[in-house]
Amino acid sequence: MDEKKEFTPSIIYGLCSWCGTGGSETAGAMHLQYAENIRPFRVPCTGAIDPVYILRALIEGADGFAVSGCHPGDCHFDSGNYRARRRTAVLKSLLDTFGLDSERVWLRWVGHGEGKRFADTVNEFNDHIKEMGGNPLAKRRDT
Amino acid sequence: MNKGLWIEGPIKKGILDFLNGLLADQKIKAVLMPAKNKGGDSYAWFLMEKNGMLDSADPAPPVMTTQGANVVSYLTKKGPVWEKTAVLLRPCEYRAVIELAKIKQVDLTNLVLISFDCPGAFPLEKYINGDPKKLDEIFDTCLEKQTELEGARNVCTICHRFSGTGADIEIGLIGGKGEGFWLVPGSRQGEELIEGVAGSKTDNLDVRENAISERTILQETKRNNMLDSFQETVMGPENLLNTLSSCINCHNCSRVCPICFCRECYFDSKALSSEADNILQRAQRKGGLRLPPDLLLFHLGRMTHMSLSCVSCGACEDACPADVPVSMLFALAGRNTQAVFEYEPGRSQDEAVPHTVFKFEELKDFETPYIKEYSKEQ
Ligand code: SF4
Ligand code: SF4
């Protein structure tokens with residue numbers, strides 16, 4: 001347990017530049033604290049996150065990859081988030097197929113004004129990944 | 001619609017006679033199909049007109065050289081053919097053509113797609129380096145009798161979409177006892193072309209249809225069982241990377257894949273080339289690094305891009321110089337990703353590729369719900 005506590009996961013957080021980033025700004029404005037080991041990866045739209053980016057992060061050292069953006073119906077580009085959801089479904093099914101921890105990838109919508117939801121998501125995901133432990137792919141040389 | 005026509009006699013000859021007849025009557029202008037090379041150990045595709053039919057043309061060759069859908073794409077990528085052209089395709093090639101038509105890499109205008117009940121194909125390498133004459137005989141017997149093709153490629157032994165269903169004209173062998181074949185129209189166009197061809201009209205295809213359903217059930221079970229046990233051998237980082245370990249990163253598998261149509265592939269692009277410095281850092285993090293890198297990224301990434309449309313044609317594995325079970329990996333990946341959308345590549349042109357459409361309410365299982373308030377002081 002202690003060991004797990006000490007483990008600081010490397011986490012990438014894919015945020016769209018509208019709601020996802022907005023949520024993080026609102027969290028900041030509300031002075032909410034959240035885990036600092038999150039590296040935001042800002043993209044124009046969740047629909048712009050090709051699963052290959054997520055795979056690359058997981059293979060090269062990330063322990064988890066979360067994606068947040070506008071709620072369904074709110075996408076700045078109308079339908080990017082629906083496409084992101086389809087891509088995430090494909091990616092997670094593949095990770096499941098090959099026993100590669102699909103739970104290291106999360107998709108959760110966060111609206112611009114939802115600072116609390118943003119901070120909660122960061123903390124929950126961080127704890128969840130801590131619980132899972134380090135990503136075995138990250139340490140493999142033969143990838 | 002006309003149910004079909006029964007033509008008695010030797011199969012390959014009958015098919016060629018049918019095609020020559022269509023050419024002679026000017027119902028079609030050209031035929032695109034494989035023909036044996038002069039050396040006799042392989043096949044290539046030829047576009048042939050009335051007076052140019054090669055004696056060596058073979059509507060159902062024992063190997064798949066270039067995937068037919070790639071050939072059709074070369075032909076029509078920049079616009080349709082001007083005159084009616086018949087194309088002879090294996091069922092998986094036909095399905096790939098349909099997938100490519102959906103994403104505008106094939107223009108179906110004026111094409112007559114003809115497919116047949118396929119017993120499978122030999123691995124290309126085995127054919128070229130083996131005894132082609134003997135393999136031809138084995139194949140032709142299996143084609144006629146519709147028995148299991150011994151020595152077929154793995155992916156063929158678990159094929160569950162072995163008939164030409166959906167094509168403009170389906171050449172029906174299953175249920176024909178090797179005594180002849182049916183020409184079954186799958187479209188108005190197909191029906192018109194069969195009109196007037198010598199043969200006996202059938203209004204009952206029950207024998208054939210029942211035999212197909214029976215075999216489909218058997219093959220589906222076999223496919224699922226085999227993919228399940230294959231999955232056990234590739235699950236987890238250790239197994240998966242061991243399976244891929246002989247890969248030489250040549251990317252042949254994607255180059256020959258009909259579904260990998262992108263002219264510029266991300267995995268061959270500058271996006272993945274980095275400075276030595278960067279590579280050294282990666283090596284440091286991992287305690288060493290296999291080079292060239294991005295082996296797993298290439299295979300898994302390719303799966304995220306195209307496994308939804310993978311038709312299990314096996315072209316990838318035929319092209320692999322390193323014996324990686326690529327087509328089995330993609331068959332497994334495809335089965336599981338396609339199931340999420342209840343999608344079947346090549347089934348119908350009206351079914352959009354799942355990446356290109358969406359529903360407002362769907363896939364909730366893939367979102368992580370925000371159920372509890374996760375506030376606490378860090
Ligand atoms: S991945 Fe292999 S089996 Fe699937 S469509 Fe491409 S070449 Fe055919
Ligand atoms: S063809 Fe074989 S060796 Fe070449 S990249 Fe594909 S799997 Fe690797």
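1. Which helices of chain B each supply at least two residues of the shell around ligand 1? They are H12 and helix H13 (315-319), where a helix is a DSSP run of H or I with at least four residues, a strand is a run of E with at least two, and both are numbered from the N terminus.

2. This is a predicted model, in which local features need pLDDT of at least 70 and side-chain atom pairs count only at pLDDT 80 or more, while totals for chains, interfaces and linings use all residues. Residues are numbered from 1 along each chain as its sequence is written, chains are lettered from A and ligands numbered from 1 in the order in which they are written, and side-chain values use heavy atoms, with hydrogens and water left out.

3. Around ligand 1 there are 13 residues, of which B:Cys257, B:Cys310, B:Cys313, B:Gly314 and B:Cys316 come nearest; a residue is near a molecule if one of its heavy atoms lies within 4 Å of it.

4. In chain A, 4 strands form an open sheet in the order S2-S1-S3-S4, with parallel pairing, where two strands pair if DSSP finds at least two bridges between them. Strand S2 (38-43) and strand S4 (105-107) are the edge strands, each pairing on one side only. Strand S3 (residues 64-68) of chain A pairs with S4(A) over 3 bridges, and A:Ala66 stands opposite A:Trp106 in S4(A).
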